[in-house]
Amino acid sequence: MTLVLHLPPVTERKLQELASQSGQDVSEYALGVIQTHLHACSDSESSEADDFFQQAVTRLTERTPEQLAGAREASKRFIRPGKPLPQGASVLDVVFGNWPASPDV
């Protein structure tokens, strides 16, 4: 991609000075600056996501017994009662696909 920049004279002089100090031409130096900035931006985004996840884990693990009891009660509104198992069948039979159970179980 070709990018044309119109830099103020002060910025252009500073860019040329820093490029010269690093032993690079101005376009190589500018590319490095842009890449460094973009990398730093993507690192901060993942850091924010990590912070959000850590905060969520902390909120869950530091709940009081009262908060846990309230969460259990609230979750009961969403749980449907299960169907009874056929006689002679176990939960494992249902989970692993041996259901309905054969008559000899």
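1. Which residues lie nearest the centre of the largest pocket? In this predicted model, they are Leu 3, Leu 5, Ser 27, Ala 30 and Ile 34, out of 13 residues that line the pocket. The elements that each give two or more residues to this lining are α1 and α2, the latter running over 26-61.

2. The volume of the largest pocket is about 330 Å³. Helix α2 supplies five residues, the largest share of the lining. Sorted by class, the lining has nine nonpolar residues, three polar residues and one charged residue. As background, rolling a probe the size of a water molecule over the atoms shows where empty space is left.

3. On the overall fold, the protein chain has four helices and zero strands. Read along the sequence, the pattern is α-α-α-α.

4. How much of the protein chain is buried? Of its 105 residues, 6% are buried. The accessible surface of the chain is about 9,400 Å², and carbon and sulfur atoms account for 60% of that surface.

5. Met 1 counts as exposed because its relative accessibility is 94%, and the cut-off for exposed is over 50%.

6. Next, the charged pairs. Side chains of opposite charge can pair when their charged atoms come close. The count of salt bridges in this model is two. One of them joins Lys 14 to Glu 17, with 3.9 Å between the closest N and O atoms. The cut-off for a salt bridge is within 4 Å, so this pair at 3.9 Å is counted.

7. Why are Lys 14 and Glu 17 about one helical turn apart? The two residues are three positions apart in helix α1, and therefore about one helical turn separates them. Lys 14 is partly exposed, with a relative accessible area of 44%. Glu 17 is also partly exposed, at 40% relative accessibility.

8. Another salt bridge is formed by Glu 73 and Lys 76. Here the closest N and O atoms are 3.1 Å apart.

Note on methods:
Residues are numbered from 1 along each chain as its sequence is written. This is a predicted model: local features need pLDDT of at least 70, side-chain atom pairs count only at pLDDT 80 or more; totals for chains, interfaces and linings use all residues. Side-chain values use heavy atoms; hydrogens and water are left out. Buried means under 20% relative accessible area, exposed over 50%, partly exposed in between (1.4 Å probe, protein chains only). On a 1 Å grid over the protein atoms alone, a cavity is a set of points where a 1.4 Å probe fits but cannot get out, and a pocket is an open set with protein on both sides within 12 Å along at least five of seven lines; lining residues have an atom within 4 Å of a point. Grid points are joined across faces, edges and corners, and a volume is the space filled by probe spheres set on the points. Ala, Val, Leu, Ile, Met, Phe, Trp, Tyr, Cys and Pro count as nonpolar, Asp, Glu, Lys and Arg as charged, and the others, Gly among them, as polar. Accessible areas come from the Shrake-Rupley method with a 1.4 Å probe; for residues, only the protein chains shown count as cover. A salt bridge is a side-chain nitrogen of Lys or Arg within 4 Å of a carboxyl oxygen of Asp or Glu.
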